[in-house]
Amino acid sequence: MVNRNKYILCIICMLMAVFSIHAKRPLRIALVDVCSKQSAVAPRTYVDAVLKGGHIPFVIPRMSAGPTLSHLVGLADVVLFLGGEDVNPSYYNAVPSPQLGAINQRRDSFEHSVADEAVAQKKPMMGICRGQQFINVYFGGTLYQDLPTECPSDLRHRGTPHTTLIEPDSRLAGIMGESTVITNSHHHQAVKVLAPGFRVAARATDGTIESIECDSLPVAGVQFHPESMIADGEEQWIKLFANIKQFLKKGKRR
């Protein structure tokens, strides 16, 4: 009986060790190429933020849809869409505004191909700044093409930090442990009509949507740049990358 109990205890210890290793396994975070003409690249701040969160970053370079892209998306535990140019308004059936900034058709097209693969493979997706805007458009939402002219406010969203109010039942609140934070702001576009199935997770004090979360899919985004705040020494934002799977978990905070 003693030997049998020792054997059972040994098996339990082995299983606990296996589960512990699995639980601590770094995630593979795919950074989607920003599609410059000369190189396949993701800015260093995103790479460093993923590393500080305890995960493994790799870049999915621009390519045509097909088996190679499918394979690369398949390697990812999370697909991360980054900041950058304005999303082409043709994707949400809008006439271009005179204030529309630079667009990158190569990038718009490629990101749609990546998102198609991610949805097909049920991969979690996160967007930062333009990345959040792209996600909202991809799932059927629209954007303000230029906040200063379409949604005037005393709050400046280009280059000035501001207060952001986090919804208490959001996954973002569960990670950050706060309902009010100061975030950076480097955008002139923002979510206008929220995509079906998404809800607002955070807003600026003027009502601008600063974070969105989906309840039916493992998808979420932020309008601000947590990776830049980490680079500037605001290490509390490392929590967002360390707990990225929690941020992308379907449903409201539990």
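Select histidine 225 first. Is histidine 225 buried or exposed? Histidine 225 counts as buried because its relative accessibility is 9%. Buried means under 20% relative accessible area, exposed means over 50%, and partly exposed lies in between (1.4 Å probe, protein chains only). This is a predicted model: local features need pLDDT of at least 70, side-chain atom pairs count only at pLDDT 80 or more, and totals for chains, interfaces and linings use all residues. Residues are numbered from 1 along each chain as its sequence is written, and side-chain values use heavy atoms, with hydrogens and water left out.

Stay on histidine 225. It sits in the loop between β11 (219-222) and α8 (226-231). Helices (H or I, at least four residues) and strands (E, at least two) are DSSP runs, numbered from the N terminus.

Leaving aside neighbours within four places in sequence, histidine 225 is in contact with Tyr46, Gly83, Ile128, Cys129, Asn184 and His186. Contact means heavy atoms within 4.5 Å.

Next, show the strands. Nine of them form an open sheet with mixed pairing, in the order β2-β1-β3-β4-β11-β10-β9-β6-β7. Two strands pair if DSSP finds at least two bridges between them. Find the edges: β2 (56-60) and β7 (180-183) each pair on one side only.

Select β3 (78-81). Which way do its side chains point? Val78 and Leu80 point one way, Val79 and Phe81 the other, and all are buried. On one pairing, β3 joins β1 in the parallel sense over three bridges. Look for isoleucine 29 opposite valine 78. β3 also runs parallel to β4 (residues 125-128), again with three bridges. Here valine 79 stands opposite methionine 125. Follow the chain from β3 through helix α4 (residues 105-120) to β4: this β-α-β crossover is right-handed. That is, with the strands pointing away from the viewer, the path from the first strand over the helix to the second runs clockwise.

Finish at β9 (residues 198-204) and β10 (residues 209-214). These strands run antiparallel, joined by five bridges. Pick valine 200: its bridge partner in β10 is isoleucine 212.

Methods
Axes are lines fitted to C-alpha atoms, for helices over the stretch in contact, and angles run from 0 to 180 degrees between N-to-C directions.
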